[in-house]
Amino acid sequence: MKLEKTKVLSQSEIEKVNDAAMQIMEDTGFIVRSSKILDMLSKSGAEVDFEKQHVKFPVKLIEECLLKVPSRIPWYDRNGELKVVLGSGRPYVAMGHNAVFMQDIDTGERRNACLQDVQQLAIVADRLKEIDVIGIPVDPWEVTSEAHVFYGVKKLMESSNKPVYFSSNLPEINIAIYEMAKTVYPHDLAKKPYIITQHSPTSPLIIDGPMAESLYEMAIRGIPVCSLPEPYNGVSAPFTVAGLLTVCTAEILCGIVMAQIFNPGVYCMFGSSWTTFDMKHGAALIGSPETNLLRIAHAQMAKFYNIPAHVTSPNTEANAHDEQMAWEKMLSQYACMTSGNDLIVNCGMFATGLTFSLEQLVLDSEMVGIIRRMMQGFEVNDDTLAVDVVKSVGPGGSFLMEDHTIEHLRSDEYYEYAVSSVDPYETWRAKGKPSVVDLARDKARSLISAGVAQPLDNFKLKAMDEIARKLDLYYEKV
């Protein structure tokens, strides 16, 4: 007995969204700001106006490309061991990426993020069993804005063994990360993926040149790519939830179709990160009830196309570790995991994705474990119903020393908390009345103290440094 998938769209509604997205792609089309990419799209059957940089995709071309997309993506750790299979039915979770600020673990104050933060977060994530994938948690301020993704990935690869997910729309950054991955990874990156890269269009319906060419550079190298739009309702997409979903779906499909044109059969993810815009307060919201409905609908649309789904969560607008943060994060993560999304990215982030903290990463890992336990459901059979045991014990008896109790005591049927407080009041008081945030902070510090679990050898570290040196010279020249 397991939890059934959460749904919000009927089959006919899924088909209506698909038809509307196809109509947008075929009739309205996209601006693609790269003559190189426009030429390839034209030769593949798209309708291209080179002067206006305008592309329309015939439905037949779209459908042919979608049939080439693999339904599963295997994902390997730094040693080449298979750790993740996107599309297998199991939701995998990654820590968040590209926050701007860090909440200092010692002072509790928000500050600019740095490379040391990336390293510490990677070390903690590497040792948290519920975090399957690592991403660049924060943008380090010590390096140029163009290079922060490269240096973030460099710290990830130095500090963790887990599969790597990153996002950059700059071709030179993606190529440099690809070259760096080859120095630390013992296998073919296309056949046994270790890295996956995300590319985001500009809503509504614009593919900027660097994004298009970055997508091309990764796709031709066989690196799995994720097409992930970030539209705002009423701003860069229609105000209605259905309209927001439709524009987002069209933009996702555009990226996937382009990737298949560049390299038929390349692994692709169906990704999105919508934002609902609060017109009254002028605020972009990522933890609203409507974004949670979209997370569920997104999983259904990805299933319709038979492509692995990626969404962002657990998300919140809250700026402090309070009740609002707790309910927004739990609701968004529950919506993602129980609806069939395959990769869920953003553990450790809050304040509308602007801030990261070590404590929150630990807390979000606990949340993921709780939801995974709920998704398992529980078994109903003769042994678990335990009628014979009940008869043996009888009214007023105790089950404490029964063999049946002992046999099941160490099973995984009951979730064991990592940081949540379960102490009775007097015990909790004697310990100094720690909050769950205090307990998470202590755990994070202990994990940092343990250090990097599997350090890279000096040869690989020097090779990575050389790639970084060449990239720095490139940016000096431009």
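Buried means under 20% relative accessible area, exposed means over 50%, and partly exposed falls in between (1.4 Å probe, protein chains only). Keep that scale in mind as you click along.

This is a predicted model, in which local features need pLDDT of at least 70 and side-chain atom pairs count only at pLDDT 80 or more, while totals for chains, interfaces and linings use all residues. Residues are numbered from 1 along each chain as its sequence is written, and side-chain values use heavy atoms, with hydrogens and water left out.

**Stop 1: salt bridges**

Select R441 and E359 to begin. They form a salt bridge (a side-chain nitrogen of Lys or Arg within 4 Å of a carboxyl oxygen of Asp or Glu), with the closest N and O atoms 3.0 Å apart. R441 lies in helix α16 (residues 436-450) and E359 in helix α11 (residues 358-376), so the pair ties together parts that are 82 residues apart in sequence. Helices here are DSSP runs of H or I, at least four residues, and strands are runs of E, at least two, numbered from the N terminus. R441 and E359 are both buried.

Next, pick E158 and K154, whose side chains meet in a salt bridge at 2.8 Å, N to O. Both residues sit in helix α5, four residues apart, about one turn of the helix, and both are buried.

Then move to R221 and E217, a salt bridge with its closest N and O atoms 2.6 Å apart. R221 is partly exposed at 24% relative accessible area, whereas E217 is buried at 15%. The whole structure holds 19 salt bridges.

**Stop 2: cysteines**

How many disulfides does the structure hold? Zero, taking a disulfide as a pair of cysteine sulfur atoms within 2.5 Å. Select C226: the nearest cysteine sulfur, that of C268, is 8.9 Å away, and C226 is buried at 0% relative accessible area. Now try C336, also buried at 0%. Its closest cysteine sulfur, in C347, is 10 Å away, too far for a bond.

**Stop 3: the loops**

Select D412, in the loop between α14 and α15 (425-430). D412 is exposed, with a relative accessible area of 59%. Jump to R72, in the loop between α3 (59-66) and β4 (73-76), which is partly exposed at 46%. Finish at E142, in the loop between β9 (134-135) and α5 (148-159). E142 is partly exposed at 38%. Show N112 too: E142 and N112 are 30 residues apart in sequence and 9.7 Å apart in space, C-alpha to C-alpha.
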